[in-house]
Amino acid sequence: MALSDSLANYFGFEEHGTTLRTEVLAGLTTFLTMSYIVVVNPSILAGIPGEKPGIVVQGYSVGEVQSMLAVVTIIAAAVATLIMALYANRPFGQAPGLGLNAFFAFTVVGALGISWQTALAAVVVEGIIFIALTAIGAREYVIRAFPEPVKFAVGTGIGLFLAFIGLQAMNIVVNANTLVTLGPVATDPVAIVSVVGLFLTFALYARGIRGSIIIGILATAALGWIVANAGLVGGEAADSLVAGAPGATYDITPLAGAFTTGLADIEAFTFALVVFTFFFVDFFDTAGTLTGVAQIAGFLDEDGNLPDIDKPLMADAVGTTVGGMLGTSTVTTYIESASGVEEGGRTGMTALVVALLFLASLAVVPLAAAIPLYASHIALVVIGVVMLGNVVDIAWDDLSYAIPAGMTILVMPLTYSIATGIAAGIVTYPIVKAARGEWSDIRPGHWVLAGAFVVYYVVRTNTLAA
């Protein structure tokens, strides 16, 4: 039997009305639309001593850490997507998620002061919890435990948070007497190149060009290099345009298994909050993305549910656990999978192609360390803008929904913390519902979660004050 026939039988091409050629093209399309994560994830997670929170490995340069993280990003994405292909037989790509990597670096390691090893331990624990809950079929119970407006608002809040981080890295938004203001976009070379690159990327994305984000990132980095080396600017300005991190390595041993040392020194309450936030965002982001992409593919049943959704959820959970063990933040399903579905991808063969292309991208790992921060963070602004679309799912005409959702969206970027935004929404929900006399909508779990967040922030505030 020919290989093509074996693949057709295994993935069920005839049943799903597809062909090997269609599946391969769909996989290529999905990979091109999400491949930017190989560059962006390392740039977010890799810390700079004294300047930027994240993963800092003693004895290794920032460039070496970024290349380690690129390797780990690729392996985690490939493992999760292979499980999606071979076990779930769905055309969805997976990789470490934007938003959760920012939460890892800026909130957990930066604001909370937790070591990156302990942050990785939280990712692993979250993944194991996800596996256990998926294995016993507890998805419905988990969904009912969280307020609906908060679930719908998280994506928009994260989108604003990502865009804010990206605009800061590009010197378009800067600190000032007004807390933040427009940067020197007419005189700062980084801001000028970033604006040009951002508008180019938006134009490519709006045109539906495959790989528009990675093209925009590479074009912006190239433009910065040209400006710096053509003598148009000099000195520190020129250096800032080509400020990639030198050094590259494929050795991931400083990251792999580092979570075990992180388990040795944890503060239970804070660790539980971090695990909870990782799980909350991962679970609902994945479930929402799966449902949304499945709707485009025509997979949903008459009740609007994705049959056997526990299988793709398990792929996400295993990918998260493996990724945390190797040294990266939480893995999630990518909404960019819709691009492959729109090209006709209907089976796990699409995901298999994505996984194989991720493995092939190991050849370009040194590129991840060479891309300047302002160029890589274009992806955060573009994806952040796209994520704002989630706001339409919120029932804004119902104040018991609008207030918790609005608090979640506003507090998240303004406090530089995904966890605090989620807390604001969860605490607000039962209070507003009770004020309106809608007691039947409040579950005991809503009060428990709200109370836990209040206690945590009271204890944390008093600890910091002391």
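## Thr347 and its surroundings

Apart from residues within four places in sequence, T347 is in contact with F11, G12, F13, H16, T18, E23, N89, R90 and P91. In this predicted model, T347 lies in the loop that joins helix 16 (337–342) to helix 17 (348–360). The relative accessibility of T347 is 0%, and T347 is therefore classed as buried.

The C-alpha atoms of T347 and V39 are 27 Å apart in space, and the two residues are 308 positions apart in sequence.

## Overall architecture

The protein contains 23 helices and four strands. Its radius of gyration is 22 Å, which agrees with the value near 23 Å that a compact globule of 466 residues would have. The C-alpha trace spans about 70 × 70 × 45 Å along its principal axes.

Among contacts in the protein with a separation of 6 or more, 79% are between residues 24 or more positions apart. The contacts listed for T347 include F11 and P91.

## Domains

The chain is divided into domain 1, covering residues 3–393, and domain 2, covering residues 394–465. Contact between the two involves 35 residues from domain 1 and 27 residues from domain 2. The domain centres, taken over C-alpha atoms, are separated by 27 Å.

## Surface, burial and charge

Of the 466 residues, 55% count as buried. The protein exposes about 18600 Å², and carbon and sulfur atoms supply 65% of that area.

The protein has 14 positive and 31 negative charges. The mean positions of these two sets of charges are 5 Å apart.

S329 belongs to the loop between helix 15 (310–326) and strand 4 (331–333). A relative accessible area of 0% is the reason why S329 counts as buried, the cut-off being under 20%.

When residues up to four places away in sequence are not counted, S329 touches N41, L45, P96, L100, N101, F104 and V123.

Helix 11 (residues 212–229) holds T220. With a relative accessible area of 1%, T220 is buried. Its contacts, leaving aside neighbours within four places in sequence, are V193, G197, Y374, A375 and I378.

T277 is found in helix 14, which runs over residues 268–297. At 1% relative accessibility, T277 also counts as buried. Not counting residues up to four places away in sequence, T277 touches F103, I418, A419 and I422. Domain 2 spans residues 394–465 and domain 1 spans residues 3–393, so that T277 in helix 14 can be read against these bounds. I378, one of the residues in contact with T220, is 101 residues from T277 along the chain, and the C-alpha atoms of T277 and I378 are separated by 25 Å.

Technical notes
Residues are numbered from 1 along each chain as its sequence is written. This is a predicted model: local features need pLDDT of at least 70, side-chain atom pairs count only at pLDDT 80 or more; totals for chains, interfaces and linings use all residues. Side-chain values use heavy atoms; hydrogens and water are left out. Helices (H or I, at least four residues) and strands (E, at least two) are DSSP runs, numbered from the N terminus. Buried means under 20% relative accessible area, exposed over 50%, partly exposed in between (1.4 Å probe, protein chains only). Contact means heavy atoms within 4.5 Å. The radius of gyration is taken over C-alpha atoms; the globule rule is 2.2 Å times the number of residues to the power 0.38. Accessible areas come from the Shrake-Rupley method with a 1.4 Å probe; for residues, only the protein chains shown count as cover. Lys and Arg count as positive and Asp and Glu as negative; His and the chain ends are not counted. The place of a charge is taken as NZ of Lys, CZ of Arg, CG of Asp or CD of Glu. Domain bounds come from an automatic or database domain assignment.
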